[in-house]
Amino acid sequence: MRNLLFITMLLCSGCQPEAPPSTDVLTNLPMDAERALDVEILYSDSAQLMVRVRGPVVINYTERNNERQEFPEGVRVDFFDAGGNVKSVLTAKMGTRYDGRGIVVLEDSVVWKSVDEQMLETSELIWNEEQEKIYNNKFLVATTSRDTIFGKGFTANQDFTDISIIGTDGKLKVKSLE
């Protein structure tokens, strides 16, 4: 019994408490960066909710002349109507907002969907906040409940109610002229 106690003490003397798993929350960031988890940003106009931006990780870079917020693990943007209902959703695997320039760039699997079954899919989307304009010059697919249009770029107002597709190709159902 005495030997068993000694062997147990010997084995446990080299044990150290297990370190918690690394979350990489504070590591590998430059000095001018802050990281936040499970972020929700709300934009309103005259106390009316207009846009909600959510992301699992946001890195805020405070570097002078290059201030920006990055969403490296994806971003979801909900657009609301006057009644407070979600009217469309925009998602991407990566997003960056450049503060000084008022430009937002969404990249990788960018998808915009409206509640009335309209959808736009592309690899990149650029939003100029000052001009209230969204655009790109990349391949895209726009679909409605009836039509599918392929394009090589687009411009739209920031709530997607007026979209112009460049270099279009696709099939459209047209009402009879009779």
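Residues are numbered from 1 along each chain as its sequence is written. Because this is a prediction, local features need pLDDT of at least 70 and side-chain atom pairs count only at pLDDT 80 or more, while totals for chains, interfaces and linings use all residues; side-chain values use heavy atoms, without hydrogens and water.

Rings of Phe, Tyr and Trp (its six-membered ring) pair if their centres lie within 6.5 Å; planes under 30 degrees apart are stacked, over 60 edge-to-face and the rest tilted. The count here is three aromatic pairs.

**Stop one.** Select F79 and F160. Their ring centres are 6.4 Å apart and the planes meet at 75 degrees, so this pair is edge-to-face. F79 lies in strand β4 (residues 75-80) and F160 in the loop between β12 (154-157) and β13 (163-165), so the contact ties together parts 81 residues apart in sequence. Strands are DSSP runs of E, at least two residues, numbered from the N terminus. Buried or exposed? F79 is buried at 9% relative accessible area, and F160 is buried at 5%.

**Stop two.** Select F139 and F150, a stacked pair with 6.2 Å between centres and 20 degrees between planes. F139 is exposed at 51%, whereas F150 is partly exposed at 35%.

**Stop three.** Show R68 with Y61: the charged end of R68 sits over the Y61 ring, 4.0 Å from its centre. (That requires NZ of Lys or CZ of Arg within 6 Å of the ring centre and within 35 degrees of the ring normal.) Finish at K133, whose charged end sits over the ring of Y135, 5.2 Å from its centre.

Technical notes. Helices (H or I, at least four residues) and strands (E, at least two) are DSSP runs, numbered from the N terminus. Buried means under 20% relative accessible area, exposed over 50%, partly exposed in between (1.4 Å probe, protein chains only).
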